[in-house]
Amino acid sequence: MRPDRPRRHSTFSERRRWRRRSAGLASTLLLLVLGVMVVSLRYRLVWVVGDSMRPTYRSGDLLVVDKWAYRSHRPDRGDVVVALYHGGWIVKRVVGLPTEVVEVRHGRVMVDGSRLPMEHAVELGFLDIAPGRLLADRYAILGDNRGVEPSAFLHAVVSPRQVLGKVVASARL
C-alpha cells in the first residue's frame, strides 16, 4: 500500500491564474447580460399569426421589431409595422399617411384618387374600403393579403402612439 501523498498547497501563481479566469468569466457573463438588456430595450421579437401579410410573411414567421425606428421620424408608406389595435398586436403595412384620402378597390390601394404603385408582392382580392380622409396624426395600415375572407379581414387606422415599431428582419421557421 502506498502512503497517501501529502496535500500540495496551491502556489501563488496558480491562485492568480484561477482569479484571472474567474474574473474573465464574470466579465464575459456581465457583458452578455448587459448586451441582452440593451438589445431587448431596442428590439422585440414578434411571431406572425394568420395569413393577412402573405406572401410577405406567413403564420409562424419570427419578426424583429425596432422599437426606436420612429423616435426621429414618422412611419413611411410601405413600412411594415407592429401596432396595438383593440388590445392586441397586429402586423400590417403602412398604406396611408396623415391627411390623405385612402380607399381600396378590389384589393388595390388608392391614395388621393390615384392608384398606389405596388412595390412589394400583394395577393389581390375583392376587398373594397370606401374613401376616407385620415386625421393629421393617423396612419392607415393594411395587410398584403387582400384575398382573405371579408369576415377575417382587418384594416386599421392607428396613431403613432399605437405603433410599437418597424419590422427590420424576419426568419421563416
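The model is predicted, so local features need pLDDT of at least 70 and side-chain atom pairs count only at pLDDT 80 or more, while totals for chains, interfaces and linings use all residues. Residues are numbered from 1 along each chain as its sequence is written.

**The elements**
- The protein chain holds one helix and 11 strands; helices (H or I, at least four residues) and strands (E, at least two) are DSSP runs, numbered from the N terminus.
- Starting at the N terminus, the order is α-β-β-β-β-β-β-β-β-β-β-β.

**The sheet**
- An open sheet is built from seven strands in the order E1-E2-E11-E3-E4-E9-E10, with antiparallel pairing; two strands pair if DSSP finds at least two bridges between them.
- Strand E1 (43-47) and strand E10 (156-158) are at the edges with a single partner strand each, so one side of each has no neighbour in the sheet.
- Strand E2 (residues 62-66) and strand E11 (residues 163-171) run antiparallel and are joined by five bridges.
- Look for Leu63, which stands opposite Ser170 in E11.

**Overall shape and burial**
- The radius of gyration of the protein chain is 26 Å, whereas a compact globule of 173 residues would have one near 16 Å; this value is taken over C-alpha atoms, and the globule rule is 2.2 Å times the number of residues to the power 0.38.
- The C-alpha trace spans about 95 × 40 × 30 Å along its principal axes.
- Of the 173 residues, 31% are buried, meaning under 20% relative accessible area (1.4 Å probe, protein chains only).

Conventions:
Heavy atoms only, no water. Buried < 20%, exposed > 50% of the residue type's maximum accessible area, 1.4 Å probe, protein only.
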